[in-house]
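User: I am new to reading protein structures. Could you take me through this one, feature by feature?

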Amino acid sequence: MAKQKYDYDLVVLGSGGGGSVAAHLAAKAGKRVAIVEAGSLGGECPNFGCVPTKALLQAAWLYDAAKHGQPFGIRSAAVGYNYPSIKAWKDTAVKNTGVADSRSYHESAGVRVLGGAAHFIGPHQVSVERRHVSAANFLVATGSYWHIPDIQGLDKAGFLTPREAINLLRPPKSLFIVGSGASGCEFAELFSAFGSKIYLADVAPRVLPREDQEVSRTVEEIFSRQRGMTILGSSKVLKVSREGALKKVVFQRGGHEQAVKVEEILIAAGRLPNTDIGLENAGVDYSPAGINVNQYLQTSARHIYAAGDVIGGYMLTHVATYESRVAAHNLIHREKRSPDYRAVPRVTFLNPEVASVGASEEDCLRRDMAVRTALAPVSIIGRSNTSNFREGFVKVIADKSGRLIGASVVCPRAGEIIHELTLAIQYDLLASEVASTLHAFPTWSEAVRIACSKI
Amino acid sequence: MVDTMLVKRGGGLEAYDPAKLRSSLAAACKSVRAPEGEAETSAALAVARVERWLMGRPEVTTADIRRKAAEALVVYNPEAAYIYQQHKNIS
């Protein structure tokens, strides 16, 4: 990279998935590297996102399974929970990631850790707590933050974001969730398991609006019929106010104004990239959707790369770490690589899990692509019988030649099952090739074989 | 109280001065014929917005201040905000 003109060869802004991988790869390649972290080392996922929410959901599922053991001859009259203990379990899971103590891990790998918020003060310089740090190259991996919609009265009435919701000491008696994407649905699942009355609202007409229609229908059916949630699609929250100990939420739906009173409001209405870091001073172009990058993850300033949530896109931890690896390669090597997003698996941790990869049917219709689809309900396979679980399906989408281009799975362990289809799409396999592969009996994956055989 | 240092174009440093910012924003408003009272009020409100952005930021550039001030002023007087953004010195 550069001579000793600069303090470092590479400064990485952000120690989450998008930043730390590249920092370590560059240090391993002999570069002088520093990571700047304004908040908690490790970023959003291990501290406030994936790890704590999935730990809480694990407790919720165990409790739910224990309460419903009667068909299997399990008596569950005495099953209960202690929510502070559940929160303590969550804290243990977060602590077990080791990120809180990762400063020494970074330093021992040759990555200097600088605490504080970085702000660009020039193309090759950032200010970190008034200390000026220069570098030949930068990787911006500053992540994202929860978007708070402009709703009258919301600030005054008070609300939670997922960051606060994971630290509650008891589940709210009633909860109005704004946003029915993956996070909103997961929190709906979590708190409904512990008895909260849930209202799940979104301006989109269905829950999980980025998934295929069948996924949304199945999840809505389970949420409303089995969990007693009130699903409010095509609903726009107009205003919020305090009424005694409760919060009144007024929303518009189907042209009519309605209101409910709840104990708490959770805003899970999407995330926005953290771009307010003086990018203009470095000549880096960006928009509200994120930092603009080319196919090599290079910004408009060629010595500055960006990866992870800050460039928009999927906003998933595994995509951030993947982009971090690609950015590191491009920073170190002359021959550059582009990230391949054809087979990005994404999972919503409900019960049953929801997972998808590749293109959705709606994506294909929007692009006028001729596709073939097939769906296998899990109720027809042996594992459904032995588990007494009948909701869910595997849906596959293939192009005209039968090559797999997309899939959705709603069933237990969908988050594991999806990886077979991810591999198939990544390596351009035909549906018939997957169908002719042995799948063990009795597993949920048999539904993959059956769906592929129908293409 | 906002305790931010500003990095000038040449690399020098100066402390953030709210009175200086308010004066230049008010001057921009007066240059587009806003009455004095309105100019002062718009300037004060815009400065308040800038200072909310500056909270928790130890150091930014003078270009950042100019950008944020123009974004803040456009809410109260779009014409003045344009003038402020285009001109380096208004007195």
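Analyst: Start with contacts, where contact means heavy atoms within 4.5 Å. A:E186 touches A:T53, A:K54, A:L57, A:V347, A:T348, A:F349 and A:L350, leaving out residues up to four places away in sequence. This is a predicted model: local features need pLDDT of at least 70, side-chain atom pairs count only at pLDDT 80 or more, and totals for chains, interfaces and linings use all residues. Residues are numbered from 1 along each chain as its sequence is written, chains are lettered from A and ligands numbered from 1 in the order in which they are written, and side-chain values use heavy atoms, with hydrogens and water left out.

User: Where is A:E186 placed, and is A:E186 buried or exposed?

Analyst: Helices (H or I, at least four residues) and strands (E, at least two) are DSSP runs, numbered from the N terminus. A:E186 sits in helix α8 of chain A. For accessibility, buried means under 20% relative accessible area, exposed over 50%, and partly exposed in between (1.4 Å probe, protein chains only). A:E186 has a relative accessible area of 5%, so A:E186 is buried.

User: Which residues does UniProt place in the feature "binding site"?

Analyst: UniProt positions are given here in the numbering used for this model, feature names are shortened, and annotations may be inferred rather than shown by experiment. The UniProt record, an unreviewed entry, puts "binding site" at A:G179, A:S180, A:G181, A:A182, A:S183, A:G184, A:C185, A:E186 and A:G270. They are spread over 92 residues of sequence, yet they cluster in space, with a largest C-alpha distance of 13.4 Å.

User: Where does A:S180 lie, and what does A:S180 touch?

Analyst: A:S180 lies in the loop between β8 (174-178) and α8 (182-193) of chain A. A:S180 is buried, because its relative accessibility is 1%. Leaving out residues up to four places away in sequence, its contacts include A:C185, A:L200, A:R206, A:V207 and A:L208. Now take A:S216, in helix α9 (residues 213-226) of chain A. With a relative accessible area of 1%, A:S216 is buried.

User: How many salt bridges does the structure hold?

Analyst: Here is the general idea. Side chains of opposite charge can pair when their charged atoms come close. A salt bridge is a side-chain nitrogen of Lys or Arg within 4 Å of a carboxyl oxygen of Asp or Glu. Over all chains, the structure holds 31 salt bridges. One of them joins A:E44 and A:R271, with the closest N and O atoms 3.4 Å apart. A:E44 lies in helix α2 (residues 44-48) and A:R271 in strand β15 (residues 271-273), both of chain A, so the pair ties together parts 227 residues apart in sequence.

User: Which strands hold A:K261 and A:E243?

Analyst: A:K261 and A:E243 form a salt bridge, their closest N and O atoms being 2.8 Å apart. A:K261 is in strand β13 (residues 256-262) of chain A and A:E243 in strand β11 (residues 235-243) of chain A, so this pair links parts 18 residues apart in sequence. A:K261 is partly exposed at 46% relative accessibility. A:E243 is partly exposed too, at 32%.

User: What about chain B?

Analyst: B:E36 forms a salt bridge with B:K30, and the closest N and O atoms are 3.8 Å apart. B:E36 is exposed at 53% relative accessibility, while B:K30 is partly exposed at 36%.
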